[in-house]
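Please look at the sequence and the structure shown here, and then read the notes below with both of them in view.

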Amino acid sequence: MVGGSTAAAVAYVDDRTPTEVVRTYLQALRSGNAEQALAQGDLPTGDRRFLTAAVLRRQQRLGRIDVRGVFQTVRHATTATVVVDYRLESPTTAPARQESVTLHRRSRHWRLSAVAVPATVVVDGPPHRATLAGSTVASGPVLLFPGAVPVEYDTDRLQTGPGTGVVGLTTGGEVRVRVELSLAGAVAAQDIVRRAMDACLRAARPPASCPLDSSRSRAVPGSLRGRVAAIEASEGPDVVSGDADGLVELRGQFRVKGSWQALDFEDIAGRRSGSTTAPFAAQLYLTGRPAVSWTGP
């Protein structure tokens, strides 16, 4: 009985088609089963530290592979090609992909030519805020499972931009990760800027950099006082790329309810009151340093 069971198992493995091998591999990725995924084929040479079940589960949390179709297109005696249509199920929309996966036959078994992909992860944004599966982002190539690159941030105010940070089934190389503000980050940035503007509007002697110029006709520059009624961002907020440690730029205008000085037709200044707008441009850090730098209107 034991011998019969073993023979049946071997026959099952031997009878799997290339398409079935690919389906098993994709299901292993989706379920976070790193051991089963690695068992479906060959492993390229490279840094293997991220080919673990824990890292694969992180990738699945960031974006699971949604398989839309698996089609065998070419099969020879010892090689086969299978086309996979898929996309990532992630909070940000990822475009659909179609890739051709190659397999080879060895000892009567069909095996994937590669069960992991060499990739060099490049973070376009504040590097001090990002980690790769809890480790410092490597400067060189590492082996990763296909799917979302496991880049995570030390604050919920940042996230990976849509359409970036994806390792394909066969495409690796340089994988760029664009860092952008999450919804929580955008709300926080506007709140920080709004509070800074309210401080400017209330100050007896506000700093000269405060954007206190009313857009009303003939308004005296710097004379605006009152309170912020609303903030309207015209650009961004955007994360500054490069070595900046989470620096954000924000442009737009404040809607202010208050008063300002304006010149009459004889160029005599008088006080006016009501609602007005004040354009602004600002830079700020989302964490650690809440101060706002006013960079212009």
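At 45% relative accessibility, arginine 49 counts as partly exposed, a class that lies between buried, which means under 20% relative accessible area, and exposed, which means over 50% (1.4 Å probe, protein chains only). This is a predicted model, in which local features need pLDDT of at least 70 and side-chain atom pairs count only at pLDDT 80 or more, while totals for chains, interfaces and linings use all residues. Residues are numbered from 1 along each chain as its sequence is written, and side-chain values use heavy atoms, with hydrogens and water left out.

**Salt bridges**

- A search of the whole structure finds 12 salt bridges, where a salt bridge is a side-chain nitrogen of Lys or Arg within 4 Å of a carboxyl oxygen of Asp or Glu.
- Arginine 49 takes part in one of them with aspartate 47, and the closest N and O atoms of this pair are 2.8 Å apart; aspartate 47 is partly exposed, at 26% relative accessibility.
- Another salt bridge joins arginine 111 to aspartate 42, with 3.3 Å between the closest N and O atoms.
- Because arginine 111 lies in strand 4 and aspartate 42 in the loop between helix 3 (34-38) and helix 4 (53-62), the pair ties together parts that are 69 residues apart in sequence.
- Aspartate 42 is buried, with a relative accessible area of 18%, and a network of salt bridges links Asp42, Arg106 and Arg111.
- Arginine 178 and glutamate 180 also meet through their side chains in a salt bridge, at 4.0 Å from N to O; arginine 178 is partly exposed at 36% relative accessibility, and glutamate 180 is partly exposed at 23%.

**The sheet and its strands**

- Helices (H or I, at least four residues) and strands (E, at least two) are DSSP runs, numbered from the N terminus, and two strands pair if DSSP finds at least two bridges between them.
- An open sheet of 4 strands has the order 1-2-3-4, and its pairing is antiparallel.
- Strand 1 (64-75) and strand 4 stand at the edges, each with a single partner strand, so one side of each is left without a neighbour in the sheet.
- Neighbouring strands of this sheet are turned against each other by 30 degrees on average, direction ignored, where axes are lines fitted to C-alpha atoms, for helices over the stretch in contact, and angles run from 0 to 180 degrees between N-to-C directions.
- Helix 2 (residues 18-31) packs on the sheet and touches strand 1, strand 2, strand 3 and strand 4, while its direction makes about 165 degrees with that of strand 1; contact here means heavy atoms within 4.5 Å.
- Strand 2 (residues 79-89) pairs with strand 3 (residues 97-106) in the antiparallel sense over 8 bridges, and threonine 79 has histidine 104 in strand 3 as its bridge partner.
- Strand 3 also pairs with strand 4 (residues 109-112), in the antiparallel sense over 4 bridges; here arginine 105 stands opposite tryptophan 110, and leucine 103 stands opposite leucine 112.

**Turns and positive phi values**

- Strand 3 and strand 4 form a hairpin with 2 residues between them, and serine 107 in the turn has a positive phi of about 50 degrees.
- Arginine 108, in the loop between strand 3 and strand 4, has a positive phi near 70 degrees although it is a residue other than glycine, and arginine 108 is exposed, with a relative accessible area of 54%.
- Alanine 133, in the loop between strand 6 (130-132) and strand 7 (142-144), is not a glycine but has a positive phi of about 50 degrees, and alanine 133 counts as buried at 13% relative accessibility.
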